[in-house]
Amino acid sequence: MNKIEVTELAKDLRDAIAGLETSEGLQDAGIVIRVGDGVAWVHGLTKAGYSEVLEIETDEGVVEAFALNLMEDEIGAVILGGEEFVKAGAKVRRRGEVLDVPVGEEMLGRVVDPLGRPLDGGPAIKTKTRGLVERPAIGVMGRKSVHEPLMTGIMAIDAMFPIGRGQRELIIGDRQTGKTAIVIDTMINQAKQKTGVVNVYVAIGQKLSKIARLVDRLKEEGVMDQTIVVATSPSDAASLLYLAPYAGTAMGEYFRDKGGHALMIYDDLTKHAVAYRQMSLLLRRPPGREAYPGDVFYLHSRLLERSAKLSDELGAGSLTALPIIETQAGDISAYIPTNVISITDGQIFLETDLFYQGIRPAISAGLSVSRVGGAAQTKAVKSVGGSLKLGLSQFRELASFAQFGSDLDEATKAQIDRGQRLTELLKQPQYQPMSIWEQFVSIHAVTSGAFDEVPVVKIKEAQGAVITRLWAEHKDVIHELNKGDKPTEEHLKVIDDITAKIAKGFEE
Amino acid sequence: MTMRLSRRKIARYVAGRLAIGDKLIIEELAALIIEERRERDIDLLVRDIEDQLAQSGITIATVETAKPLSETVRQSVRKLLGGDVRLREEVRPELIGGIRIETPTQELDGTISQKIYALKSRKV
């Protein structure tokens, strides 16, 4: 236990008393008429603004709420935790400002709630600045087109559906298909490749055990130092679940606006929409389709529009978003999924069937897309990505014929064989993101035909052998490749030589 | 089906009639409350009416102090609120000291008990 400094305590007390605001005159005050289900209905405060913070006096101290329903006779204010202390008749005052959260480098490495309060048992966070939870998105002229890659380290994504800094790429799939695994690997890759990208992981209504496991994994991989985790569990008030992504975005915007790069992960927006539906119904707003309020599209559009690549005049920073949506029975045409698909710049669709076939990450090459595409891809991976995508799409067309092995012509058989090898190649273990050179070498080995005689089940082994050998014997080539530029003929020769030798050792 | 009038609209109308000295409006209001079964809204209606009266220059304020008000303080309160001020004075020793002035929608709380509450609510 720390020694209590009596002199410091006296100073702190005096400072606190001196700092107490003495009212210059009359202040707006209201009273709670009724309270329940996380909503306090307040009489008075006619000058309260939308989303303004209100302070409710209770026996246990001040409870914060924010005004969401401004009606003629009363205000509906959503309580931010501590609802059990609020009673009818309690005094309510306006704070005169909208919600803000602490932002800054001091938040890195911490696990906080949507109001910036620490949840990791560490000391209270003192930041120099605060960011607005709700903030308009950057205008058209303040943006630049996405042109820098954000490497996830997952070969299937970086090669076929590349993500750029400032892009919004949706990760969508049923439960237990590896959506969170993809974002964890992306975060790990930022630390592994020393990209300097700050991660902000927003857990919306996630199990605390899952969040704890995630934080432990991030610490093990050395990622936590450049990550902020904003955590809400299913037992938190719906208001906190509603605020979590906006609060996290405010924290990410701090780095974006300073010319840095940040990655926002919203896990997941389906739960966010459900929490907002709960709040809206309790605020007696009219329900629409599937009982969601009419502005559920705006809920997500205003969130995701804040992720952008800034122009050079504004510092050229970026905020990339990886929102996650959970579908039911693979239905991507449901209400919330279609809303978010239309907002984002592409989606990575994970299929349960692929997952149980052992294809992990279970990315559907047919339904996934990145609308930014090659503009955000390194030249090295771009040079092999085209062949990869073509090979896989040809394989998909012929997949149903694979069972008629002996009745097919040679060309068809070759396409099927190539497709099977590509599919096997794209399998990747969790927590093992791949660098640019590893991806290039692996894909080139198959698309160039070097691995055509390697049995499908040995493709991963052969891939590992090539990578190990190159790393051991040609570090100079690797360093050049890892810069991302298109490989030279000399580099290709070295790689082809090694690949051929390795492939020979695996042939049947 | 007649639309249920909002409290604010009712208060605005009643305050207008009271301001010109028409006390019959009180009985009419009572009848409306009973007919529309809005007995639970009485306190809030009164607050709204007092708020509307305040906007027309007639301020009804509650002054709470730990000891009885002196005339000097009474005059200061009238000066602060301005206009035609009607005071309701209450003595509450638990306030310890200072003064609390409440109008229907505003408040000035300079009591010692409020300062203690504010201290307790803040992290030192």
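Colleague: Why does A:Ala329 count as exposed?

Modeller: Its relative accessibility is 77%, and exposed means over 50% relative accessible area (buried is under 20%, partly exposed is in between; 1.4 Å probe, protein chains only). So at 77%, A:Ala329 counts as exposed. Bear in mind that this is a predicted model: local features need pLDDT of at least 70, side-chain atom pairs count only at pLDDT 80 or more, and totals for chains, interfaces and linings use all residues. Residues are numbered from 1 along each chain as its sequence is written, chains are lettered from A and ligands numbered from 1 in the order in which they are written, and side-chain values use heavy atoms, leaving out hydrogens and water.

Colleague: Where is A:Tyr431, and what is its phi?

Modeller: A:Tyr431 is in the loop between α11 and α12 (436-447) of chain A, with a positive phi near 65°. At 26% relative accessibility, though, A:Tyr431 counts as partly exposed.

Colleague: How do you know that the peptide bond from A:Arg360 to A:Pro361 is cis?

Modeller: From omega, which is near 10° there. A:Pro361 is in the loop between α9 (352-356) and β16 of chain A. A:Asp267 and A:Asp268 are also joined by a cis peptide bond, with omega about 0°, and A:Asp268 lies in the loop between β13 and α6 (269-282) of chain A. Most peptide bonds are trans.

Colleague: What makes β14(A) "mostly covered"?

Modeller: Of its 9 residues, 8 are buried. For chain A as a whole, buried residues make up 54% of the 508.

Colleague: How do you know that β13(A) and β14(A) pair?

Modeller: Two strands pair if DSSP finds at least two bridges between them. β13(A) and β14(A) have 6 bridges and run in the parallel sense, with A:Tyr266 facing its bridge partner A:Pro323 in β14(A). β10(A) also joins β14(A), parallel, through 3 bridges; there A:Ile171 has A:Ile324 as its partner.

Colleague: Which strand of chain A is joined to β16(A), and over how many bridges?

Modeller: That's β15 (residues 346-350), by 2 bridges, with the strands running antiparallel. A:Gln347 stands opposite A:Val369 in β16(A).

Colleague: Why are β8 and β16 of chain A said to stand at the edges?

Modeller: The open sheet has 8 strands in the order β8-β12-β11-β13-β14-β10-β15-β16 (chain A), with mixed pairing. β8 (111-112) and β16 (369-370) each have a single partner strand, so one side of each is left without a neighbour in the sheet.

Colleague: Which strand of chain B does β1 (residues 27-36) of chain A pair with?

Modeller: β4 (residues 106-109) of chain B, in the antiparallel sense over 2 bridges, with A:Gln27 opposite B:Glu107. Within chain A, β1(A) pairs antiparallel with β6 (residues 91-98) over 3 bridges, and 6 bridges join β1(A) to β2 (residues 39-44), also antiparallel. The hairpin of β1(A) and β2(A) has 2 residues between the strands, and A:Asp37 takes a positive phi near 55° there.

Colleague: What does A:Gln226 touch?

Modeller: Contact means heavy atoms within 4.5 Å. Leaving aside residues up to four places away in sequence, A:Gln226 touches several residues, including A:Leu108, A:Gln190 and A:Asn199. A:Gln226 is in the loop between α4 (208-220) and β12 of chain A.

Colleague: At what angle do the axes of α10 and α11 of chain A cross?

Modeller: Roughly 115°, and the axes of α10 (residues 379-398) and α11 (residues 410-425) come within 8 Å. The axes are lines fitted to C-alpha atoms, for helices over the stretch in contact, and angles run from 0 to 180 degrees between N-to-C directions.

Definitions and conventions:
Helix = DSSP H or I, 4+ residues; strand = E, 2+ residues; numbered from the N terminus.
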